[in-house]
Amino acid sequence: MNEPLDDRTRFQRTLVRVMSVQVVTLVLLYLLQLMFTR
Amino acid sequence: MHPINWLIVVGWIGYVVVDGVRRARNTRELEGYLLANRSLPWWAVGLSVMATQLSAVTMIGTTGQGATDGMRFVQFYFGLPLAMVILGVTLVPFLHGAKVYTAYEYLERRFDAKTRSLTAFLFLLSRGMSCGTIIAAPAVVFSAIFGWKMSACVALIGVPTVLYTMIGGVQAVTWVDVKQMVLIVGALLAIVITLLVQLPVSPVQALHVAGAVGRLRVFDFTPSLTNTYTFWSGVIGGTFLMLSYFGTDQSQVQRYLSARSVDEARSSLLMSAYWKIPLQALVLLVGVLVFTFYLFTRPPLLFNPAHDKLVRERQPAAYAQLQSRYAAELTARDLAARDLAAAPPDERDRAAQRFQLRQHQTEAMRGEALKLAEDASGQPSRDVNYIIPRFVLDHLPIGLAGIFIAAILAAAMNAIAAELTSLATASTIDFYRRWIRAEASEQHFLAVSRVALGVWGIFACVVATFAANLGSLIEVVNRFGSFFYGSILGVFLLAMYPRARGTGAFVGLIAGMSAVAAVNFGAPKVSFLWHNVIGAVTVLLVGMVLSGGRRATA
């Protein structure tokens, strides 16, 4: 019974980590656009 | 090109072939040849996955797109991280745990032989042709730039790749990919540093100039089905496309099937989730910086030297007149760009408007030149693909130019090697071993795999050599490919639904392809990124309805 729960926890952690990195990347790209595009 | 540059290129190709062939020692059995005995570490598989997607088209075409269109293409990859995570918990454990050679083999275990054979056949059809175009794209550019015959350029790219792939198998492909990725990323970083050093303005000023004409516009939030690259098509359509590509395309699946364990296979995909968008942004940034470089250094009117020569011969008066107007306009644009770069913040908007006007005029003249080239050659000009190679050969220092050309070749070889191994694997496992000869020795299947790889290699080289004449046929095949990419994903997603059955999957697959074909012909302006969503959802719906309520026994 523990294994699926472990899997779910691991998936949630991975999802949060990957999506956090993506959000940071997209924010940086957005700042690049915001600062320099006219 | 300088002899030192050639030495670097030839030396690198020689090193890659020797290194790849050396790996043949570990490939005496079928599993060793096709899946590296499922023994590879996650980081090597991860780099190989990334290398496979980074073809010469990326190095030449995407950088060129960065120069002419800016950074917005990066939106295409916005769905990739989420797709990687979803695959990590869905298809990767299924496929890795099933100990299959191909993704399609799993479909027979789950559904039936006809679903497996149809998906494998569709894969062979589209990938067989696309493999030829992957060789042809850089070969056409090399042919125009160096003035070589197309067949010689195809041989330069195709022969070494077929050689090390055929002898060394997946083991060779993966470890060569790792080294080639280091070369490619190193070359991209080196070119960025060189450009920043060579520019007569500071990096921040260069970004202000590029941004003034939209080259740093990344996000387009327009809710449009017809714009190919928007935030929404990237996130939604891109997720489905990446799920299809990484989850069901054998050229990708085979990479992570060779990982040591399910966890290592997942980790290898997560490498792309973390690094693909920054890497793609780097590729596009190279193009943006090359655009900025050519604001201060006079660019040719046509970057393709073959077209330049052709137009000069066919339309000497019109071309000379256009060139003289272009030269005057470039001088004015140079001054406007320098004014903008040096402008204080409160005067930047006005300086940007003057520069935008000059850029607009310059682009209009380039458009006239491209029209002359198209009229003279009778083909689309595709001048964008020549911007980076011309910049590399004309302006990079000796040595670095050789490294960048070697990196373009490396990118081409990586993509081709992955395609060839996957084509050989699907041919051997899904057709030869399934329908022709089920029982034979390991040595026999190993030999068949090597022969299949060689035959696909020759086929790809022949297609590439005649690609210019096969243009419309290739387009038809590529368009046909977009009909079933999402539909195949739908079949794999359906496989995870416990009640789904073979007939539902097979009919669903045909219904999915038909739905995409209907959208394609009925509403041709709908971006191809949405085709994958339509195909996958149709297969799921039809498959679930036809599978009824009874739980499958397979």
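I count two residues as in contact, or touching, if their C-beta atoms, placed from the backbone, lie within 7 Å. I am working from a predicted model, in which local features need pLDDT of at least 70 and side-chain atom pairs count only at pLDDT 80 or more, while totals for chains, interfaces and linings use all residues. I number residues from 1 along each chain as its sequence is written, and chains are lettered from A and ligands numbered from 1 in the order in which they are written.

**Entry: helix α8 of chain B.** I took helices as DSSP runs of H or I with at least four residues, and strands as runs of E with at least two, numbered from the N terminus. Helix α8 of chain B covers residues 113-146, and its 34 residues should span 50 Å at 1.5 Å a residue, which agrees with the 49 Å between its end C-alpha atoms; the expected span is 1.5 Å times one less than the number of residues. I found a kink of about 25° at B:Ala136, shortly before the proline B:Pro138, the bend being the angle between axes fitted to the seven residues ending there and the seven starting there. Just after this helix, B:Gly147 takes a positive phi of about 70°.

**Entry: the core.** I used a nonpolar core as a set of buried Ala, Val, Leu, Ile, Met, Phe, Trp, Tyr and Cys residues joined through C-beta atoms within 7 Å, where buried requires 20 or more other C-beta atoms within 10 Å, exposed 12 or fewer, and partly exposed lies in between. The largest core has 198 residues, of which B:Ile135, B:Val290 and B:Ala412 touch the most other members. Helix α18 of chain B, residues 400-436, gives the most to this core, with 21 residues. Leaving out residues up to four places away in sequence, I listed the contacts of B:Ile135, including B:Val154, B:Ile157, B:Ala412, B:Ile416 and B:Ala464.

**Entry: B:Met50.** I located B:Met50 in helix α3 of chain B, residues 42-53, and it is buried because 22 other C-beta atoms lie within 10 Å. B:Met50 and B:Ser272 are 222 residues apart in sequence, yet their C-alpha atoms are 6.2 Å apart. Among the residues that B:Met50 touches are B:Met181, B:Met271 and B:Trp275, with residues up to four places away in sequence not counted.

**Entry: positive phi.** I noted B:Asn37, not a glycine, with a positive phi of about 55°, in the loop between α2 (30-35) and α3 of chain B. B:Asn37 counts as partly exposed because it has 16 C-beta neighbours inside 10 Å.
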